[in-house]
Amino acid sequence: MTLTTASAGTRAPEPAVRKTSGAGRGPRRPGRVRRTALPYLLLLPALLLEILVHLLPIVIGVAMSFKELTQFYLRDWGAAPWRGLDNFRLVVDLDGSAGQALLKSFVTTCLFTAASVGLCWLLGTAAAVYLQESFRGRGFLRALFLVPYALPVYAAVITWSFMFQRDNGLVNYVLHEQLGLLDSPSFWLIGGNSFVALLTVSVWKGWPFAFLIIMAGLQNVPREMYEAAALDGAGRWQQLRRITLPSLRPVNQVLVLVLFLWTFNDFNTPFVLFGRAAPEAANLVSIHIYQSSFATWNFGAGSAMSVLLLVFLLLVTGVYLFLTSRERRVSRG
């Protein structure tokens, strides 16, 4: 009697366990599928917009670069004659006028980008390091430094264009009338000074972004490291070299790349500052492509220049990311 009861007691839970496990496996499968598919469904609108806004125009631009697309084929650009690589040969031929103009514009853009990125990083780093210390009015200065970054680009550049006027501009008034640094009012929007004017506007509206990123990166540097360095006798300059800059290396690597891409591709600043015809000293690649496309109505050659610019930026970005990733691996090892 006891054995029968014990055996019955041990066998009774088995169907319940099987039933519970079987019932538990059934409804879990749709839930797992939904959880797996949910991230992709949430990314689907952004992916579609990315294709429509970025990838599709790139594909159309590449297709246009292989065609003899002029004003006669704007209504039906697909009917334009096929030129193959002739547009690319035209714009890279240094013996021709088109190739020489593109090379000169490319060199100007490289110099402008190097100067602008370097000054933006330098000013942003100096301001961020200075504002790490607590003092009265620090919050006001932080907000004030971010004003150029918060202003709309067109409003800021138009304001600068008025300030650079020769006869009634604020720049000539301060440099010539107030400080006496200039013998006579200078032309800032034409001639050789146009490069300085463009660089000034670019740095003015770009350095607050560097300041914001570096200031955020400095929040991750422990204050104990500075306190320990100060106890060991390290001065401000040694702390900057040994602690601040090495700690900011990952942030600076991303910051320099972003500033480079933004500055090299900048079209709004020179277009609003100088108009459709930029001076030769400030003729960036973006403006040169625009003028080559809409002034001569040779959209095929302009598209070829755009494709070459895209390839150049992709190569520079790839090499930069490869070098920085290898440097991180070496430092970790």
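The lining of the second largest pocket holds 10 nonpolar, six polar and two charged residues. Here Ala, Val, Leu, Ile, Met, Phe, Trp, Tyr, Cys and Pro count as nonpolar, Asp, Glu, Lys and Arg as charged, and the others, Gly among them, as polar. The model is predicted, so to speak of local features takes pLDDT of at least 70 and side-chain atom pairs count only at pLDDT 80 or more, while totals for chains, interfaces and linings use all residues. Residues are numbered from 1 along each chain as its sequence is written, and side-chain values use heavy atoms, with hydrogens and water left out.

**Exercise 1.** Find the centre and the main contributor of the second largest pocket.

*Step 1.* A pocket is an open set of points on a 1 Å grid over the protein atoms alone, where a 1.4 Å probe fits, with protein on both sides within 12 Å along at least five of seven lines; lining residues have an atom within 4 Å of a point.

*Step 2.* Of 18 lining residues, Y149, V153, K205, G206 and W262 are closest to the centre.

*Step 3.* α9 supplies the largest share, four residues. Helices are DSSP runs (H or I, at least four residues), numbered from the N terminus.

**Exercise 2.** Describe the largest pocket.

*Step 1.* Its space is about 560 Å³, a volume filled by probe spheres set on grid points joined across faces, edges and corners.

*Step 2.* Among its 20 lining residues, N265, S286, I289, S306 and L309 lie nearest the centre.

*Step 3.* α15 gives the most to this lining, eight residues.

*Step 4.* The lining has 13 nonpolar, seven polar and no charged residues.

Notes
Helices (H or I, at least four residues) and strands (E, at least two) are DSSP runs, numbered from the N terminus.
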